[in-house]
Amino acid sequence: MNIKVPKKIKICAHTYDTKFILNLILDDRTDAMVHHRLGYIGVDSTRTGTMRDEAYLHEVFEIINRLWNCQLEHDNMDRLAEGFLVFLQELGITLDWSEIEDA
Ligand SMILES: [Zn+2]
C-alpha cells in the first residue's frame, strides 16, 4: 500500500510544507532538513528510495522532538526514523512522493 507524503503536515499547532531541494547535500551536507521559522521540510531531490524515506522521517522526528521538548539526542532521531521505516515496511506501506514538488 502506498501512502502519499503530504505536501503539508500539521504537527502540534504548526504546519510544515514538504519540498524537494536541489543540491541540498552538496550545499549543506545533509540529505534533509527542517526550517522551523519558515515551516518546511526540505529533502534533497537526488535522494530516492528508503534513504529518502528515512531522511524525511528523521525530520518529522526532529519536529516532534522540538515541539514536545523531548530532549532526544540527534542520533536517536535517526534510530527512531529507521525503526519507524522498518515498521511501515513490515505493514506493507511504502511512501509515495509523487505530490512533492521542487522548492
Ligand atoms: Zn537531524
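Modeller: The questions below take the labels in turn. Bear in mind that this is a predicted model.

Colleague: Why is E99 called exposed?

Modeller: E99 has 10 C-beta neighbours inside 10 Å. The label applies at 12 or fewer, so E99 counts as exposed.

Colleague: Where is E99, and what does E99 touch?

Modeller: E99 is in the segment after β6 (94–96). Leaving aside residues up to four places away in sequence, E99 touches K4, V5 and K7. E99 and V5 are 94 residues apart along the chain. Their C-alpha atoms are separated by 7.2 Å.

Colleague: What makes β4 and β5 a pair?

Modeller: Pairing takes at least two bridges. Strand β4 (residues 32–35) and strand β5 (residues 40–44) have four, in the antiparallel sense, so they count as paired. A32 has V43 as its bridge partner in β5.

Colleague: What lies between β4 and β5?

Modeller: Four residues, and the two strands form a hairpin. In the turn, G39 has a positive phi of about 70°.

Colleague: Which residues have the most contacts inside the largest nonpolar core?

Modeller: A32, I41, V43, Y56, L57, F61 and A81, in a core of 14 residues. β3 (14–21), β5, α2 (49–67) and α3 (74–90) each supply at least two residues. α2 gives the most, with five.

Colleague: How do you know that A32 is in contact with Y56?

Modeller: A contact needs C-beta atoms within 7 Å. Y56 is among the residues that A32 touches beyond four places in sequence, so the pair meets that cut-off. I41, V43 and A55 are also among them.

Notes. Residues numbered from 1 in each chain as written. Predicted model: local features only at pLDDT ≥ 70, side-chain atom pairs only at ≥ 80, totals over all residues. Buried ≥ 20, exposed ≤ 12 C-beta atoms within 10 Å, placed from the backbone. Contact = placed C-beta atoms within 7 Å. Core = buried A, V, L, I, M, F, W, Y, C linked by C-beta atoms within 7 Å.
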